[in-house]
Structures are given as structure tokens and as C-alpha cells.
Amino acid sequence: MGFIVRLLITTGLVVLLANILPGVQVDSFTTGLWVAVALGLLNMFLKPILVIFTLPATILTLGLFLFVINALIIQSAAYFVNGFVVEGFWYAMLFSIILTFCQSVVNGFLQKDEPRRG
């Protein structure tokens with residue numbers, strides 16, 4: 001159940017951010033859902049490979065290169081999902097930073113409401 005809730009939250013955030021940021025466009029809520037699925041799959045399969053290959057740059061920049069990797073993941077999702085347009089690298093980076101921050105805040109509220117086990 002938690003996966004579906006997180007997927008719907010990410011979908012809502014993607015659609016909301018697309019309405020706020022001028023360089024990002026999502027055609028519909030369904031497209032936002034596909035973007036959330038694509039981001040989940042890309043973060044699961046592609047991101048670990050990119051992190052391993054760019055480990056020296058990530059260490060040299062004290063982890064800031066991970067922002068570049070996140071922007072590349074956003075641009076990859078825009079490539080694969082019709083109806084999701086990101087107009088450039090900087091919009092992708094801004095979108096990824098805001099999306100990650102909003103997801104952290106919302107997930108923090110959801111985890112606070114869950115009863116503790118054990």
C-alpha cells in the first residue's frame with residue numbers, strides 16, 4: 001500500500017511542479033503517473049550505474065554531482081514519456097531539486113503518522 005501512496009504523491013507533485021515551473025510541461029494527470037513510474041524505474045536501474053561510473057566526480061564535488069545525475073534522470077524520463085517536456089538541463093535540475101525536497105517533506109509527514117512497530 002505504501003508504494004501506491006508514494007507513487008500517487010509523486011504524480012501529484014510532478015503535475016503541480018509542471019504547473020509552477022515554466023520550463024516543465026505535463027499534459028495530464030495520467031502523463032504525470034507515467035512520469036512517476038518512469039522516474040521510479042530509472043532511479044532503480046539507471047541511477048546506481050551512473051553513480052558508480054561517476055564516483056570520482058561525486059567524491060571530488062562532495063556529493064554535489066548527484067544533482068547532475070538527478071537532472072539526467074529527469075531528462076531521460078522526458079525522453080521516454082510522451083507528454084512530459086523539460087526544456088533544458090537547468091530546468092531539469094531545478095525540477096529534480098524541488099521534487100526531491102517535496103517528496104522528503106511529504107514522506108516525513110507520512111512516516112510520522114504511521115504507528116511504530118516493535
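Threonine 11 is buried, with a relative accessible area of 0%, where buried stands for under 20% relative accessible area, exposed for over 50% and partly exposed for what lies in between, with a 1.4 Å probe and protein chains only. This threonine belongs to helix H1, and, when neighbours within four places in sequence are left aside, threonine 11 is in contact with Phe29, Gly32, Leu33 and Ala36, contact meaning heavy atoms within 4.5 Å.

## Basis of the values

The model is predicted, and for that reason local features need pLDDT of at least 70 and side-chain atom pairs count only at pLDDT 80 or more, whereas totals for chains, interfaces and linings use all residues. Residues are numbered from 1 along each chain as its sequence is written, and side-chain values use heavy atoms, with hydrogens and water left out.

## Overall architecture

The secondary structure of the chain consists of 5 helices and 2 strands, in the order α-β-α-α-α-β-α from the N terminus on; helices (H or I, at least four residues) and strands (E, at least two) are DSSP runs, numbered from the N terminus. The radius of gyration of the chain is 15 Å, close to the 13 Å that the globule rule gives for 118 residues, so the chain is as compact as a globular protein of that length. That radius is taken over C-alpha atoms, and the rule is 2.2 Å times the number of residues to the power 0.38.

Along its principal axes the C-alpha trace spans about 40 × 40 × 25 Å, and buried residues account for 32% of the 118 residues. Of the contacts between residues at least 6 apart in sequence, 60% join residues at least 24 apart.

Phenylalanine 84 touches Val24, Gln25, Val26, Thr31, Val35, Ile74, Ala77, Ala78 and Phe95, residues up to four places away in sequence not being counted. Valine 86 lies in strand E2 and counts as buried at 15% relative accessibility; beyond its neighbours within four places in sequence, valine 86 is in contact with Gly23, Val24, Ile74, Ala78, Tyr91 and Ala92.

## A buried serine and an exposed leucine

Serine 96, found in helix H5, is buried, with a relative accessible area of 3%. Leaving aside neighbours within four places in sequence, serine 96 is in contact with Phe67, Asn70, Ala71 and Ile74.

Leucine 62, by contrast, counts as exposed at 78% relative accessibility, and lies in the loop between helix H3 (55–60) and H4. Its phi is positive, about 60°, although leucine 62 is not a glycine.

## Surface and charge

The chain exposes about 7900 Å², of which carbon and sulfur atoms supply 70%, the areas coming from the Shrake-Rupley method with a 1.4 Å probe. There are 5 positive and 4 negative side chains, and the centres of the two sets lie 16 Å apart; Lys and Arg count as positive and Asp and Glu as negative, while His and the chain ends are not counted. Each charge is placed at NZ of Lys, CZ of Arg, CG of Asp or CD of Glu.
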